[in-house]
Amino acid sequence: GESVGLHLPTLSVQEGDNSIINCAYSNSASDYFIWYKQESGKGPQFIIDIRSNMDKRQGQRVTVLLNKTVKHLSLQIAATQPGDSAVYFCADQGAQKLVFGQGTRLTINP
Amino acid sequence: NAGVTQTPKFQVLKTGQSMTLQCAQDMNHEYMSWYRQDPGMGLRLIHYSVGAGITDQGEVPNGYNVSRSTTEDFPLRLLSAAPSQTSVYFCASSYSWPTARSSYNSPLHFGNGTRLTVT
């Protein structure tokens, strides 16, 4: 069946550095992806999305890159801040079902 | 804006007890769903609904019932709690949903979860 996996379960970065969180998906027909952020004790929160007719999308301090050739997407967070500490999920919201990755925990070192 | 509201936040049950987890949204979303989140397993879909009066099973439906009598509310019922149902439960809603012919093209809005422990 379809799967979505993150490359690293944890990522530790220095405050002010850029963070890159990677995700791979298996369904070549998938055409809509979303990144969610989950802080401790809260539900996942929408960060940014991208459709398969794009290879890059930018938000405020965040950029999502989509490489359909290798079925890979990444989330880049610029100038990482303490408030960015959370678990980040990618989700394949393609036809018929949703598939979530297991999450990468981002820790910020002061 | 309340968004998606879940109650209770915490619950402890004994094996065999039943209970209902409440979920309400005020965004007039047609699609609502329940997920459970377990360590190392990510988010798994339990049941979902694409409108009042319509429900369907997700990936892990056994031991749970749902109903959708109004657009706003989507309660999840545990019929006879088991320790394997110890988890964090999230309700989520969305403006649209995936079908066989079209992809899901709007993000989910999640509640803050109910942490359930079954002893």
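**Close-up 1. The left-handed disulfide of chain B.** In this predicted model, the torsion about the S-S bond of B:Cys23 and B:Cys91 comes out at about -70°, so this disulfide is left-handed. B:Cys23 sits in strand β3 (residues 19–25) of chain B, while B:Cys91 belongs to strand β9 (residues 87–94) of chain B, so the pair ties together parts that are 68 residues apart in sequence.

**Close-up 2. The sulfur atoms of B:Cys23 and B:Cys91.** Zoom in on the bond itself: the two sulfur atoms are 1.9 Å apart. And are these two cysteines buried or exposed? Both B:Cys23 and B:Cys91 are buried.

**Close-up 3. The right-handed disulfide of chain A.** Over in chain A, A:Cys23 is joined to A:Cys90, with an S to S distance of 1.7 Å. Here the torsion about the S-S bond is about 45°, which makes the disulfide of A:Cys23 and A:Cys90 right-handed. This pair links distant parts of the chain, with A:Cys23 in strand β3 (residues 19–25) of chain A and A:Cys90 in strand β9 (residues 86–92) of chain A, 67 residues apart.

Close-up 4. Why does A:Cys23 count as buried? Its relative accessibility is 0%, and buried means under 20%. A:Cys90 has 1% relative accessibility, so A:Cys90 counts as buried too.

**Close-up 5. The disulfides of the whole structure.** How many disulfides does a search of the whole structure find? Over all chains, the search turns up two. One of them joins A:Cys23 to A:Cys90, and B:Cys23 and B:Cys91 form another. As a reminder, a disulfide is a covalent bond between the sulfur atoms of two cysteines.

Notes
Residues numbered from 1 in each chain as written. Chains lettered and ligands numbered in written order. Predicted model: local features only at pLDDT ≥ 70, side-chain atom pairs only at ≥ 80, totals over all residues. Heavy atoms only, no water. Disulfide = S-S within 2.5 Å. Helix = DSSP H or I, 4+ residues; strand = E, 2+ residues; numbered from the N terminus. Buried < 20%, exposed > 50% of the residue type's maximum accessible area, 1.4 Å probe, protein only.
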